[in-house]
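The entries follow in the order I made them.

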Amino acid sequence: MVKHQPLQVYEKQVFVSFVTGIYGCRWKRYQRSQDESSRWECTWFVILCSSFLLLLFWAYFWLMARNDFNDFNWLVYNRSGEWRDETMPILASTTVGFSYVTFLLILALFHISLGQQLNLYWVHKIGVLATLLTTISGFIFVDDLWGDEWDILLASLQYTAPFLHLGALVTVTAISWLVAGYVVRRERSNIQVMVLFIYIVVLLALFLAPLTFTCPCIMDRHSLKPRPSVIGRRGAPMLAPENTVVSFNRALQHGASSLEADVTISVDGVPFLMRDHTLRRTTDVTKVFPARQYEDASFFNWTEIRSLNAGQWFLESDPYWTVASLTAKERSRIGNQTVCSLVEMLRLAAKANSSALLNIHKPPPEHPRYRSWFMDTLRAVQKAGIPLKRVTWTPDTDRGRVRGLHQTTSEKLSVEAIRQRGITSLTLHYSKASHKELREYLANNVSVTVYPVNEPWLYSILWCSGVPSVSSDAPHVLRKVPYPIWLMSQSAYNFIWMTSNLVSLAIVIGVFFFQNYHMIRWRMSGMQNYNPEHIMLSAVARRSSRDVNIMKEKLIFSELNNGLSSTEELSLYPENGYVRYSHGGLSR
């Protein structure tokens, strides 16, 4: 016979209600459960974690790819025919999606730590799935349009690897609390063993990860080379229209030691500066010559080209969000810019005692100057009055006819091939040369210019690598980098590495021991059979009498479920906290 007077004491659980309400729309106590989560909900938790990791990778990619946003917009323009900043909607959607998924993941982890059943609300399931599919579509789009940009991830790891390693170590160490709670406080199963094994493998991999790092800025500061000189790539295109006189002037004002330009030959043999194959993006050709707006720029004569405005597009499209910072005088000057000739640019470089790097677009075979473009360019150089030794020639054709000019190439060659061709320097994309290859070139007296370098982090690792010069769209940004962002000796980094590993290991061991404390105590006392409710009751011995009474009631019901004989009598007196079995099972 059981004499039982129910004892139900409900306390407000505001935080639990907040967590379960937002995650699963379970705002009421009776809607919540501490039972095991279903496989379906566990699957959604895995999808949520996968979405988070994928978005984390996606966000990191775009954070590093900021160095090449100009090239991305240019590629989109070549495909769509419309010039606009396509990075802004991508960054906005990435920020919203990443914040949303991260918030849901934090709520899910709180569910696990509080012992609540996972039950993601159906609206959130749709949101997570939509975010995941959108991110996957973004990966496919970038790989198709901008596949070479994935190389920036390897370059960025030379700068971010030590910090990413510490962040990952802190995260995995913090997760040890959840892993220990899952493994220790439940009956042993194959899944628990697998979870524990995976966690240990990941932790050991993080402990040893720095062995694989190649970070140029982990070096003795006394070995640091002089600051790399900055070449104004098309001038300062973030502050003024690219390849215009005002753009080159702004580059020189912000400390550029050299100017780089894209050279096209007009139909009447005048070299002028234009990056695109057409005049649509950077001039008003659609208004002046609407029938010829898609025609190759090299098939216009110099008179026609000179009649076009080459600055108004910059003020209207504001490609780098910098127009608001311009004064009225600067806007007026930019709005009146025309297409710049090669002679004008070279004269400006000669006046500033600067040098020039020429990227020449060879005319198509049907062009009238197809066979004479070389002489047209040399005549322009001679006419500008700039010393030949200050001009660098990039085309790989007609090198034997070039006398007195510096020879460079954008092709990555061996040291032997460079010497055979008579080349004195290389102009390489930052993704084409590793730290080891740069060291080899410099050791063999081969000067290397790396492009495009627009972010301080990339400038810093190239500085630590010993690169003598970089080509940049943002000389005004690099001017503010008087020293590498971070520089650390090998011994100092080894100390940080080993210390962080030891601290992490100590915390993980401590967490597992703390989670397993009651289990260890009962095993040491020789108890083989125990009820988890007994342990919980012991753990709350110092709590308020109300909590103790609640745990007593749970203990009684657990004993009933374990099966009392029909002759056993159980009494509960909640008013005085007295519990008794008639056969001496438990008394207080």
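**Helix H5**

I began with the length of a helix in this predicted model. Helix H5 covers residues 122–146, which is 25 residues, and at 1.5 Å a residue it should span 36 Å.

Next I asked which residues of H5 are buried. They are His124, Lys125, Gly127, Val128, Thr131, Leu132, Thr135, Gly138, Phe139, Val142, Leu145 and Trp146. I then looked up what covers these buried residues, and the cover includes helices H1 (14–24), H2 (39–64), H3 (69–80) and H4 (87–114).

I looked up alanine 155, which sits in helix H6 (residues 151–184). Its relative accessible area is 7%; buried means under 20%, so alanine 155 counts as buried. Leaving aside neighbours within four places in sequence, I found alanine 155 in contact with Tyr430, Trp457 and Ile461.

Is histidine 165 buried or exposed? With a relative accessible area of 4%, histidine 165 is buried. Not counting residues up to four places away in sequence, histidine 165 touches Leu206, Ala209, Pro210, Phe213, Tyr493, Trp497 and Asn501.

**Aromatic pairs**

I counted 29 aromatic pairs. One of them joins tryptophan 62 and phenylalanine 72, with 5.4 Å from centre to centre and 85 degrees between the planes, and it is edge-to-face. This pair links distant parts of the chain, since tryptophan 62 is in helix H2 and phenylalanine 72, ten residues apart from it, is in helix H3. Tryptophan 62 is buried at 3% relative accessible area, and phenylalanine 72 is buried at 0%.

I checked another pair, tryptophan 313 and phenylalanine 314: the centres are 5.9 Å apart and the planes are at 85 degrees, so this pair is edge-to-face. Both tryptophan 313 and phenylalanine 314 are buried.

Ring pairs also join residues into a cluster, made up of Phe57, Trp58, Phe61, Trp62, Phe69, Phe72, Phe139, Trp146 and Trp150.

**Cavities**

How many cavities of 30 Å³ or more are there? I found three. The largest cavity has a volume of about 70 Å³. I listed its lining as Glu242, Asn243, Thr244, Leu273, Met274, Arg275, Thr282, Ala310, Val339 and Cys340. This lining divides into five nonpolar, three polar and two charged residues.

Key: Residues numbered from 1 in each chain as written. Predicted model: local features only at pLDDT ≥ 70, side-chain atom pairs only at ≥ 80, totals over all residues. Heavy atoms only, no water. Helix = DSSP H or I, 4+ residues; strand = E, 2+ residues; numbered from the N terminus. Buried < 20%, exposed > 50% of the residue type's maximum accessible area, 1.4 Å probe, protein only. Contact = heavy atoms within 4.5 Å. Expected span 1.5 Å × (residues − 1). 1 Å grid on protein atoms, 1.4 Å probe; cavity = no way out; pocket = protein on both sides within 12 Å on 5 of 7 lines; lining within 4 Å. Points joined across faces, edges and corners; volume = space filled by probe spheres on them. Nonpolar A, V, L, I, M, F, W, Y, C, P; charged D, E, K, R; others polar. Phe/Tyr/Trp six-rings, centres within 6.5 Å; stacked < 30°, edge-to-face > 60°.
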